Amino acid sequence: MKQYIRKADIILLIVLIIAGLAASAALSMSRSAAGSDARVIIESGGELYATYPLSEDRTVIVPSPQEGVSAADVPDDSKPASEQFTHYNVVTISGGKVSVSEASCKNQVCVHHGEISQGGESIVCLPNRLVVRIDPGSSGEGGGYDSVTS
Amino acid sequence: MTQSPRNTRPAASGSGGSSPQRGGSSAQFVARVALMASLALIFSYVEAIIPYNPGIPGIKLGIANVVTVIALYKYGWKEAASVSVIRIIVAGLLFNGVFGMLYSLAGAVLSLIGMIGLKKTGLFSVIGVSMAAGVLHNMGQLLVAAALIEDLRIFFYFPVLLFSGIAAGILVGIISTMVLRVVK
């Protein structure tokens with residue numbers, strides 16, 4: 001009778017775990033604390049849609065590229081997004097934190113992602129091809145998590 | 001009713017024909033794959049209706065892959081690949097959506113290649129093969145996501161998907177081992 005777990009399985013498991021730890025260590029180093037001039041960058045369909053200062057509170061409606069919205073009909077941020085578009089995301093910047101508060105997609109992954117506030121963090125909505133990320137700005141450069149304690 | 005004589009003919013000609021591999025005749029192949037694909041589809045469905053959201057996309061047990069692993073070990077790679085692809089296409093049309101189907105297909109192709117390769121080496125147990133498949137499945141999905149969104153930042157999900165792939169793969173492997181012990 002064959003063994004249920006063999007030596008090669010354990011070796012493979014260890015290699016995979018090391019790869020995962022190395023990747024997460026590399027990724028956490030690439031993140032840095034957001035500086036005072038940090039900006040929220042919103043990309044839609046692989047192109048830059050808008051950027052806003054992280055320090056200013058606002059709500060932004062981002063129509064999906066599949067809406068075929070022209071520059072002429074800019075979304076009215078004061079009206080509910082669902083009245084204006086069928087495919088959209090609503091990005092909320094509040095108190096130095098960014099979240100996707102509303103999304104037209106079925107899975108709602110971006111909404112459940114919660115808030116981001118660190119430089120380099122991002123929220124992604126695949127169905128609407130939206131990327132929201134934080135550019136740490138100049139004063140946040142190289143700070144990392146340690147800048148909180150320094 | 002009137003079709004039954006027609007259905008038996010390929011079986012008769014197939015068993016004496018050019019494909020006497022260990023799967024048997026082509027009718028046996030079709031019946032076997034159809035049965036396993038529908039079983040896998042039920043697993044997919046059960047998983048889809050369980051209201052479980054860990055907050056991160058792409059993380060699920062993938063219990064339907066138990067059927068793929070069993071198909072691979074009990075019959076062969078042709079059966080495993082057929083079951084996997086049929087299950088994903090039908091599940092995509094029924095409940096996962098076209099995008100979900102695209103991700104799953106990429107994951108399935110990668111994990112099938114990985115499983116067949118690792119099984120051929122003869123070094124790994126069912127659990128090891130399934131673990132590698134779980135990781136590769138998630139990596140395939142990540143690659144498609146990166147291509148669709150045209151942003152490599154999505155690789156922030158890499159470690160999360162890697163560890164969840166390991167965990168899901170091991171669980172699927174354990175279940176498969178238990179089932180294979182009985183059906184073999």
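1. Which pattern does chain A follow when read along the sequence? In this predicted model, chain A runs α-β-β-β-α-β-β-α-β-β. Its secondary structure comprises three helices and seven strands.

2. An open sheet in chain A is built from four strands in the order E2-E1-E7-E6, and the pairing is antiparallel. From one strand to the next, the twist averages 15°.

3. Within chain A, strand E1 (residues 39-44) and strand E7 (residues 130-135) are joined by six bridges in the antiparallel sense. One residue pair may be inspected here: Val40(A) has Ile134(A), in E7(A), as its bridge partner.

4. As to burial, 30% of the 150 residues of chain A count as buried. As to contact range, 51% of the contacts in chain A between residues at least 6 apart in sequence join residues at least 24 apart.

5. The contact between the chains draws 27 residues from chain A and 27 residues from chain B. On the side of chain B that touches chain A, the elements giving two or more residues are helix H4 (77-121), helix H5 (126-149) and helix H6 (158-183) of chain B. H5(B) supplies the largest share of that side, eight residues. By class, the side of chain B that touches chain A consists of 18 nonpolar, six polar and three charged residues.

Technical notes:
Residues are numbered from 1 along each chain as its sequence is written. Chains are lettered from A and ligands numbered from 1 in the order in which they are written. This is a predicted model: local features need pLDDT of at least 70, side-chain atom pairs count only at pLDDT 80 or more; totals for chains, interfaces and linings use all residues. Two residues are in contact if their C-beta atoms, placed from the backbone, lie within 7 Å. Ala, Val, Leu, Ile, Met, Phe, Trp, Tyr, Cys and Pro count as nonpolar, Asp, Glu, Lys and Arg as charged, and the others, Gly among them, as polar. Two strands pair if DSSP finds at least two bridges between them. Axes are lines fitted to C-alpha atoms, for helices over the stretch in contact, and angles run from 0 to 180 degrees between N-to-C directions. A residue is buried if 20 or more other C-beta atoms lie within 10 Å of its own, exposed if 12 or fewer, and partly exposed in between; C-beta atoms are placed from the backbone.
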